[in-house]
Amino acid sequence: MIVSNISIAVLGLVDTAVVGHLGEAYYLGGIAIGAVIFDFIYWGMGFLRMSTTGLTAQIHGQANNQDDNNACRTILAQSLITAFLIAMILLIFQKQIADLALWIIEGSAEAAFYARTYFEWSIWGAPAVLSLLVMTGWFLGMQNAKATLIVAVTVNIINVILDFVFVFGFDMDVRGVALASVIALYIGMLLAVFLVFRELRTNQGEWRISDILHIQGLKEILALNQDIFIRTICLIFVFAFFIRQGAKQGDVILAANAILLNFQALMALGLDGFANATEALVGKAVGSKNKKAFVDSVKTATFWSFIVAISFALIYAVAGKSMINLLTDILSIRTEAYQYLPWMILSPIVAVWCFLLDGIFIGATRAKEMRNSMLISTLLVFLPAWYLLQGYGNHGLWLAFIVFFVARGLTLAYASFQIEREDGFVLIKSFSQGKSFN
């Protein structure tokens with residue numbers, strides 16, 4: 001999962017590097033704004049992956065029989081149907097979405113123009129993205145991280161190659177970056193479908209329409225998804241707010257922040273590898289009621305997450321400026337990004353805990369606690385911190401961003417202690433397809 005996730009982050013770095021060498025800050029600013037719009041959309045739909053992982057892992061953790069295999073198919077089908085319906089809504093209302101997003105995120109006229117162009121081309125990849133979210137979550141729940149790696153690496157290799165072909169070969173600027181992503185995503189979707197059917201051949205079962213359309217089961221899944229959706233929307237709000245405040249300070253700071261947020265994404269996706277693995281293992285432990293497996297998974301993930309977080313901090317401290325130089329040759333953007341690099345060196349050490357705890361809560365399908373943690377961290381910590389620190393300019397914005405991650409870690413840790421003081425993650429009443437574990 002670490003390799004899979006980092007390959008996604010590397011793709012973002014390549015996109016940034018390709019555009020960062022086109023010679024103007026507004027190209028990079030346009031990509032930054034466009035990326036935030038899709039962060040809102042696709043990260044907001046992250047519940048499709050998270051809920052699918054937790055539910056599938058818990059069922060997979062029970063005795064392996066045909067009823068369980070049928071239930072795993074049911075979760076996959078229900079999630080794919082949900083993903084398709086959401087994708088159709090996004091395509092139908094794409095103009096309204098773009099208008100609203102560009103009104104919210106204030107950038108220069110040039111940056112807004114290229115952001116809209118990037119959006120209009122990239123939105124056609126929505127059905128593939130949402131389907132891949134579901135299938136990735138299902139693979140993780142089935143304890144098959146190798147499939148997600150195969151899909152992610154394939155998509156990203158194709159995307160990188162097409163980036164250079166379209167942008168430099170056909171002079172398509174941000175349109176080339178968007179088109180490369182759309183083509184690569186649909187190829188990845190077809191590959192994922194093939195791997196799903198291969199997985200199903202080793203887990204014999206049936207597709208039951210009555211189960212797929214079971215009203216109570218759908219209601220329980222939607223309730224779980226609702227809490228994760230609220231949690232994710234808060235997260236994306238913070239990132240969008242961050243980009244907006246940077247954009248108000250000009251295209252150069254907007255572009256510098258965009259480069260450093262790529263570093264943030266690289267770190268986050270790397271640490272999310274442990275979170276994803278923890279989701280699958282915790283879900284399996286909860287489903288099988290195996291307390292020892294739960295404790296062992298959490299201990300191992302905690303140790304290695306911290307090691308990887310320290311590694312990222314050291315990499316950014318030693319090679320951060322060189323990485324910035326690779327992403328852009330525009331001197332003003334380089335100089336600006338150097339100033340805020342120390343915040344990125346600090347970020348892995350303070351953010352690692354919320355990523356790890358997210359994995360535990362998702363695997364145990366404890367979405368309400370995740371929702372509450374994010375609401376507190378966003379509304380009661382991040383926004384007040386920014387208000388108090390805005391006099392320090394972009395440094396104040398970065399400090400508020402760091403404080404936000406600290407608050408997420410602390411609130412999730414408190415919630416986990418509360419759960420363990422009561423019934424515990426493993427012994428609690430857990431979600432299942434249309435029923436509950438006892």
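These questions and answers walk through a predicted model of one chain.

The model is predicted: local features need pLDDT of at least 70, side-chain atom pairs count only at pLDDT 80 or more, and totals for chains, interfaces and linings use all residues. Residues are numbered from 1 along each chain as its sequence is written, and side-chain values use heavy atoms, with hydrogens and water left out.

Reader: How many helices and strands are in the chain?
Author: Helices (H or I, at least four residues) and strands (E, at least two) are DSSP runs, numbered from the N terminus. By that rule the count is 16 helices and 0 strands.

Reader: What share of the residues count as buried?
Author: Buried means under 20% relative accessible area, exposed over 50%, and partly exposed in between (1.4 Å probe, protein chains only). The chain has 438 residues, and the buried share is 58%.

Reader: Of the contacts with a separation of 6 or more, what part is between residues 24 or more positions apart?
Author: Contact means heavy atoms within 4.5 Å. Among contacts in the chain with a separation of 6 or more, the part from residues 24 or more positions apart is 85%.

Reader: Are H7 and H9 roughly parallel or roughly antiparallel?
Author: Axes are lines fitted to C-alpha atoms, for helices over the stretch in contact, and angles run from 0 to 180 degrees between N-to-C directions. The axes of H7 (residues 126-141) and H9 (residues 173-201) come within 9 Å and cross at roughly 30 degrees. Angles under 35 degrees count as roughly parallel, over 145 as roughly antiparallel, 65 to 115 as roughly perpendicular and the rest as oblique. So H7 and H9 are roughly parallel.

Reader: Which residue classes make up the contact of H7 with H9?
Author: Residues of H7 including Trp-138 and Phe-139 meet residues of H9, among them Leu-185 and Tyr-186. Ala, Val, Leu, Ile, Met, Phe, Trp, Tyr, Cys and Pro count as nonpolar, Asp, Glu, Lys and Arg as charged, and the others, Gly among them, as polar. The contact of H7 with H9 has 15 nonpolar, 2 polar and 1 charged residues.

Reader: Is the crossing of H12 and H14 left-handed or right-handed?
Author: H12 (residues 251-288) and H14 (residues 331-363) pack at about 20 degrees, with axes 8 Å apart. They are therefore roughly parallel to each other. A crossing is left-handed if the near helix is turned anticlockwise from the far one by less than a right angle, and right-handed if clockwise. The crossing of H12 and H14 is right-handed.

Reader: Which residues does Ala-275 touch, leaving out those up to four places away in sequence?
Author: Ala-275 sits in H12. Its relative accessible area is 1%, so Ala-275 is buried. Ala-275 and Asp-358 are 83 residues apart in sequence, yet 6.7 Å apart C-alpha to C-alpha. Beyond four places in sequence, Ala-275 touches Phe-355 and Gly-359.

Reader: What distance separates the C-alpha atoms of Leu-266 and Phe-312?
Author: Leu-266 also belongs to H12. Leu-266 counts as buried because its relative accessibility is 10%. Phe-312 is 46 residues from Leu-266 along the chain, and their C-alpha separation is 9.0 Å.

Reader: What is the phi of Gln-143?
Author: Gln-143 is in the loop between H7 and H8 (145-169). Gln-143 counts as partly exposed because its relative accessibility is 30%. Most residues other than glycine have a negative phi. Gln-143 is not a glycine, but its phi is positive, at about 65 degrees.
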